[in-house]
Amino acid sequence: MPQMTWERLISKKRFDAQTPQYATDEAVRGEFQRDYDRLVFSTPFRRLQNKTQVLPMPESDFVHNRLTHSLETSCVGRSLGRLVGKTILERHPAILQAHPSMLESDFGDMVAAACLAHDIGNPPFGHSGEDAISAYFRSPQAVSFLQDLTPAQAEDLRNFEGNAAGFRILTHTHPGQSSGSCGMRLTYSTLATFTKYPRPADQVVIGTKNASEKKYGFFQAEQTHFTKIAQELGMLPAGQNAFHRHPMAFLVEAADDICYRIIDFEDGCRLGLIPFEQAQALLQPLLKETAGKPSSITFHDEREQLGLWRARIISNLIYECAGIFLEHEEAILNGTFDQSLINLVAQKPALDEIKKVSIDRIYRHRPVLEIEAAGFEVLGGLLDAFLQAVFDPTAGRHRKYLDLVPDQFLGPQRQLSSSNYEKILNITDFISGLTDSSAISLFRKIRGIDLPRMY
């Protein structure tokens, strides 16, 4: 049976590098840490501070946005990567023959970087924003724009996916930005670790139980990019233009699952959407308190008590998920394991109950639903206005809309010479890259609801 090997799966080579790589002291700052740093300083990452995690545009300073969620997920991912990396290096001494400077911390940095980027392609208004973009491209207004696209290209838009938008941000440079063509030039391994769904939109399997087949991870425009990454790392094929996951992608998924299951729930408790007594009852099965070692601290603030429980539960889940990964390592390497690690933890029923309560009390909280519903109008309205401008730039109003599109999305000298598919993708890049507040502000202005101040 064919099997992936760690010697190939680990690559510090930078994707599609057009210039020589810097000689760096790996003991001071490794290549995967450089990936992490590039992401932290990038504009798309900074925009996550004003993108929805659970509650759109929350007034509470405590409630998480996409940026704080991504930072916390990267911390959990780093711990998972280091725990797994330590054992992997012990099990496979050939890794150090191929990569003499490899450390367990490199595994942690690789997973942390991928976790940091895992939501970088999410549009405004969270997952509802993905639905809003998809709904627009399925609507009658979009039919004329899609008529010259291939079925696979149209599926990219009718089933818009933030994961694929994220891969495009990481690997694509708009002609209006520079003559480069490979985005942030991250390492091959970090890009593969980022990609939880290594398949195109037309290879999504409806109703599948396999974790990596439920969504897609790259647009048709970046399909050759991912194929190049997969071939470089020796990833196993899993269908037409599809591949089995890089093993470290399971840890990225686990870190995200741990954080949103526990921390979203904590947000709901702190906002009073879930009573403290109910939260306590739901969290207790996950605490695994050490017998004979009760806490010596008496809490007078329920929020501080929640914080301690959250920390202990996350720690417990990190160790358990790392153990599950190592138990199934061989099956992961040969492509016969394709489950979310969180679904195999011993206390899955308790996690499922927390998820159910979060859906009922947090995700279906009326203000959340109201703003998500508004997001359909905002994103659909912006897409329609700017696509009309791109496809009919001579109309008076359309010329004004076109002037509002940043240069990077229109190419050098703002010439619209790309294919219809690329034109649509570029405008979708522009709209999905907006923050929640900037999307609302732009929509109100082009509709004449608000006018910009001139001073």
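The paragraphs below go through the cores, salt bridges and pockets of a predicted model. Residues are numbered from 1 along each chain as its sequence is written, and side-chain values use heavy atoms, with hydrogens and water left out. Because the model is predicted, local features need pLDDT of at least 70 and side-chain atom pairs count only at pLDDT 80 or more, while totals for chains, interfaces and linings use all residues.

The largest nonpolar core has 87 residues. Such a core is a set of buried Ala, Val, Leu, Ile, Met, Phe, Trp, Tyr and Cys residues joined through side-chain atoms within 4.5 Å; buried means under 20% relative accessible area, exposed over 50%, and partly exposed in between, with a 1.4 Å probe and protein chains only. Helix 13 (residues 248–270) gives the most to this core, 12 residues. Helices (H or I, at least four residues) are DSSP runs numbered from the N terminus. Trp6 and Phe325 have the most contacts inside the core. Neighbours within four places in sequence aside, tryptophan 6 is in contact (heavy atoms within 4.5 Å) with residues including Ile88, Phe107, Met248, Phe325 and Leu333. Another core, of 42 residues, lies apart from the largest one and has among its members Leu146, Leu157, Leu402 and Leu442.

Next come the charged pairs. Side chains of opposite charge can pair when their charged atoms come close. A search of the whole structure finds 19 salt bridges, each a side-chain nitrogen of Lys or Arg within 4 Å of a carboxyl oxygen of Asp or Glu. One of them joins glutamate 422 to arginine 168, at 3.4 Å from N to O. Glutamate 422 belongs to helix 20 (residues 420–432) and arginine 168 to helix 10 (residues 162–171), so this pair ties together parts that are 254 residues apart in sequence. Arginine 168 is buried, at 2% relative accessible area.

Two other bridges each sit within one helix. Lysine 348 and aspartate 352 meet at 2.7 Å, N to O; they are about one helical turn apart because four residues separate them in helix 17 (residues 348–363). Both are partly exposed, lysine 348 at 25% relative accessibility and aspartate 352 at 30%. In helix 18 (residues 366–391), arginine 366 and glutamate 370 are likewise four residues, or about one helical turn, apart, and their side chains meet at 2.9 Å, N to O. Here arginine 366 is exposed, at 61%, and glutamate 370 is partly exposed, at 43%.

The largest pocket has a volume of about 890 Å³. On a 1 Å grid over the protein atoms alone, where a 1.4 Å probe fits, a pocket is an open set of points with protein on both sides within 12 Å along at least five of seven lines, and lining residues have an atom within 4 Å of a point. The volume is the space filled by probe spheres set on the points, which are joined across faces, edges and corners. Of the 34 lining residues, His127, Lys215, Asp256, Asp257 and Tyr260 are the closest to the centre. Helix 13 gives the most to this lining, with six residues. By class, the lining has eight nonpolar, 11 polar and 15 charged residues; Ala, Val, Leu, Ile, Met, Phe, Trp, Tyr, Cys and Pro count as nonpolar, Asp, Glu, Lys and Arg as charged, and the others, Gly among them, as polar.

The second largest pocket has a volume of about 530 Å³. Its lining has nine nonpolar, 12 polar and four charged residues.
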